[in-house]
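Visitor: I would like to learn how to read a model of this kind, feature by feature. Could you take me through it slowly, with the general idea before each case?

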Amino acid sequence: MAEPAPEKIDLKTRIFQIIFESDTPAAKAFDVVLVLLIFFSVAIIMLDSVQAYHQRYGTFFYYTEWVITLLFTLELALRIYCLEKPRLYLKSFFGIIDMLAVIPTWLALIVPGAQTLVVLRLLRTLRLFRVLEMTALVGQGQLLLRALGRSRGQILLFLFSVLMLVIVFSSIMYLIEPDEAGFTSIPRSIYWGIVTLTTVGYGDISPVTPLGQFIAMMIMLSGYSIIALPAGVFSVEVIRALRDEQYSDEACPGCGAHQHEHDALFCKYCGTWLDEEDPKPDSPTRYARKKRLGRKNSLL
């Protein structure tokens, strides 16, 4: 008996598999070409901003950019065509980035004075997050944001303290330093104080009196120790966030201890069965397998 012939894939499904997926040779080839186009486009934009290159190769840059824009426009049209709900895609983060990759060039052609928006084409580099499957890093970024939110109180207090310190020392410098040294006003002195505290040292303003130089030396030495404080606070919150993700908030019914791993069956301190709603089974190994299977099915 002959095997039934496989169903033919329609055009929209085929385009979707090539553009939005990466598990076929055609899809992988599409991703490679798209990455090369993005890098080439960004290189063209950067080189065109150099005046010498613009005067010599401006025409080549112009037509090359239009070819790339037409290809990106075609790609965007195909993405919209193969989706069942294109409006949701256009409202998403990557949909907005895809539109910003082509809209500035078209606006520069239609609307006078829109040439300044052409620099938005550099946002094409963000498309690499999708092509190179960097979206898996978004979860790690959210972890850092949670750590930053937890430490915002300490960081704001630190910034406020540093600002008060800079204002006080900058005001003193304004009083003791002559105008020839560059301390012509308190805001100008605050600028010098921030540059000195961060140990950048532009050198456009510098004290000339011995007392001013001593104060500047103290500010620079303080900068090395002060700037390290928020990094330590943030690191502690990152470690705490990682620990919270690793351990559950389930308390042991025997000793009340916390910080058990999500797959833990017994308390690591007293050995008590952790699931107080379910009696201890005869085979914990079989129960653990069933528990993991149930969690997997709930995720699906």
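Guide: Let us begin with contacts, which are counted when heavy atoms lie within 4.5 Å; in the protein chain, residues 24 or more positions apart account for 50% of the contacts with a separation of 6 or more. This is a predicted model, in which local features need pLDDT of at least 70 and side-chain atom pairs count only at pLDDT 80 or more, while totals for chains, interfaces and linings use all residues. Residues are numbered from 1 along each chain as its sequence is written, and side-chain values use heavy atoms, with hydrogens and water left out.

Visitor: How many helices and strands does the protein chain have, and what percentage of its residues count as buried?

Guide: Helices (H or I, at least four residues) and strands (E, at least two) are DSSP runs numbered from the N terminus, and the protein chain has 13 helices and 2 strands. A residue is called buried under 20% relative accessible area, exposed over 50%, and partly exposed in between, with a 1.4 Å probe and protein chains only; by that scale, 28% of the 300 residues count as buried. The areas come from the Shrake-Rupley method with a 1.4 Å probe, where for residues only the protein chains shown count as cover, and the protein chain exposes about 20000 Å², of which carbon and sulfur atoms supply 66%.

Visitor: Which residues line the second largest pocket?

Guide: On a 1 Å grid over the protein atoms alone, a pocket is an open set of points with protein on both sides within 12 Å along at least five of seven lines, and lining residues have an atom within 4 Å of a point. The lining here consists of Phe 30, Val 33, Leu 34, Leu 37, Leu 71, Phe 72, Leu 74, Glu 75 and Leu 78.

Visitor: Staying with H3, is Phe 61 buried or exposed?

Guide: Phe 61, found in helix H3, counts as buried because its relative accessibility is 7%. Leaving out residues up to four places away in sequence, Phe 61 touches Ile 44, Leu 47, Asp 48 and Tyr 53. Thr 64 also lies in helix H3 and is buried, with a relative accessible area of 14%; under the same exclusion of residues up to four places away, Thr 64 touches Phe 40 and Ile 44.

Visitor: Which residues of H10 are buried, and which helices do they pack against?

Guide: An α-helix has 3.6 residues a turn, so residues three or four places apart point the same way. In H10, the buried residues are Ser 189, Trp 192, Gly 193, Val 195, Thr 196 and Leu 197, and they pack against helix H9 (152-176) and helix H11 (210-226).

Visitor: What does Ser 206 contact, and where is Glu 177 found?

Guide: Ser 206 lies in the loop between H10 and H11 and counts as partly exposed, at 38% relative accessibility. Apart from neighbours within four places in sequence, Ser 206 is in contact with Ala 181, Phe 183 and Trp 192. Glu 177 is found in the loop between H9 and H10, and the C-alpha atoms of Ser 206 and Glu 177, 29 residues apart along the chain, are separated by 9.3 Å. Glu 177 is buried, with a relative accessible area of 4%, and, not counting residues up to four places away in sequence, touches Phe 183, Pro 207, Val 208, Thr 209 and Gly 212.

Key. On a 1 Å grid over the protein atoms alone, a cavity is a set of points where a 1.4 Å probe fits but cannot get out, and a pocket is an open set with protein on both sides within 12 Å along at least five of seven lines; lining residues have an atom within 4 Å of a point.
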